[in-house]
Amino acid sequence: MNPDPNSIVDYEQPPVQEVALSVQFEPLRELDSRHIGLLWQLFSSKGFEKYEEHPPLDPIFELFEDEQIIPRLEFQNQPPIPRVWFINSEGNELIQIQKDRFIYNWRRKNLLTEEYIRYKGTRDNFLTNFRLFQTFLEERNIGELNLNQCEITYVNPIFAVRNWDEFYKLGEIFRHYRPLDTHTYLPEPETVSMRLSYIIPGELEKPAGRLHVSVN
């Protein structure tokens with residue numbers, strides 16, 4: 001899908017705190033702890049000098065009608081490598097790598113003073129670093145990337161203002177939310193959460209993906 005970039009909605013002050021672009025692929029069997037050190041050396045030379053280790057993410061697949069995933073049982077003779085984080089000195093850019101995932105995160109540290117680099121800037125940064133990762137794999141014959149899922153995640157904090165300062169006014173922000181009749185004996189809700197999902201239409205009446213919306 002190649003939408004016209006001029007048609008992308010653009011806000012003067014978008015409430016974006018974090019954007020993550022992720023690709024999932026078939027596990028790289030040859031990728032091991034030796035390569036993690038070399039990868040950190042590579043990305044630290046590009047400004048990602050901080051290092052952290054986290055548990056690997058489980059595989060995720062968006063399935064549609066007549067699609068299924070065949071379960072696979074696998075025994076390993078060595079412990080799984082972790083999901084590693086390479087973080088820049090400012091803390092607003094993050095690269096995550098594991099055997100079957102590459103993720104680039106942009107994080108706005110201050111919503112009031114730090115400018116949002118917009119989707120194009122985030123996408124360009126993702127592609128630059130993803131190509132570095134691809135070249136690294138090719139030069140060491142670690143394996144080809146067989147992509148099976150891609151994701152874009154936005155985190156948007158929306159602060160209470162005069163239009164809504166209580167949970168029951170959430171409909172002023174999200175049109176899908178309809179509060180209970182306030183004339184009942186029940187007071188306003190203590191908490192509110194909402195999950196929505198939409199199939200994104202593609203060509204030839206086949207789904208192009210799925211949009212998930214979570215409000216907490």
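## How helices α1 and α2 pack

In this predicted model, helix α1 (residues 33–44) packs against helix α2 (residues 118–139) at an angle of about 140 degrees, and their axes lie 11 Å apart. That angle makes α1 oblique to α2, because only angles over 145 degrees count as roughly antiparallel. The crossing of the two helices is right-handed.

## Strand β5, covered on both faces

Now for the sheet. Strand β5 (residues 101–107) is mostly covered, with seven of its seven residues buried. In a regular strand, side chains alternate between the two faces of the sheet. Here, Arg 101, Ile 103, Asn 105 and Arg 107 point one way from β5, while Phe 102, Tyr 104 and Trp 106 point the other way. The residues of both sets are buried, Arg 101 and Arg 107 included.

## The neighbours of β5

Which strands pair with β5? One is β1 (residues 18–25), which pairs with β5 in the antiparallel sense over seven bridges. Another is β4 (residues 93–98), also antiparallel to β5 and joined to it by six bridges. A hairpin of two residues connects β4 to β5.

Conventions
Residues are numbered from 1 along each chain as its sequence is written. This is a predicted model: local features need pLDDT of at least 70, side-chain atom pairs count only at pLDDT 80 or more; totals for chains, interfaces and linings use all residues. Side-chain values use heavy atoms; hydrogens and water are left out. Axes are lines fitted to C-alpha atoms, for helices over the stretch in contact, and angles run from 0 to 180 degrees between N-to-C directions. Helices (H or I, at least four residues) and strands (E, at least two) are DSSP runs, numbered from the N terminus. Angles under 35 degrees count as roughly parallel, over 145 as roughly antiparallel, 65 to 115 as roughly perpendicular and the rest as oblique. A crossing is left-handed if the near helix is turned anticlockwise from the far one by less than a right angle, and right-handed if clockwise. Buried means under 20% relative accessible area, exposed over 50%, partly exposed in between (1.4 Å probe, protein chains only). Two strands pair if DSSP finds at least two bridges between them.
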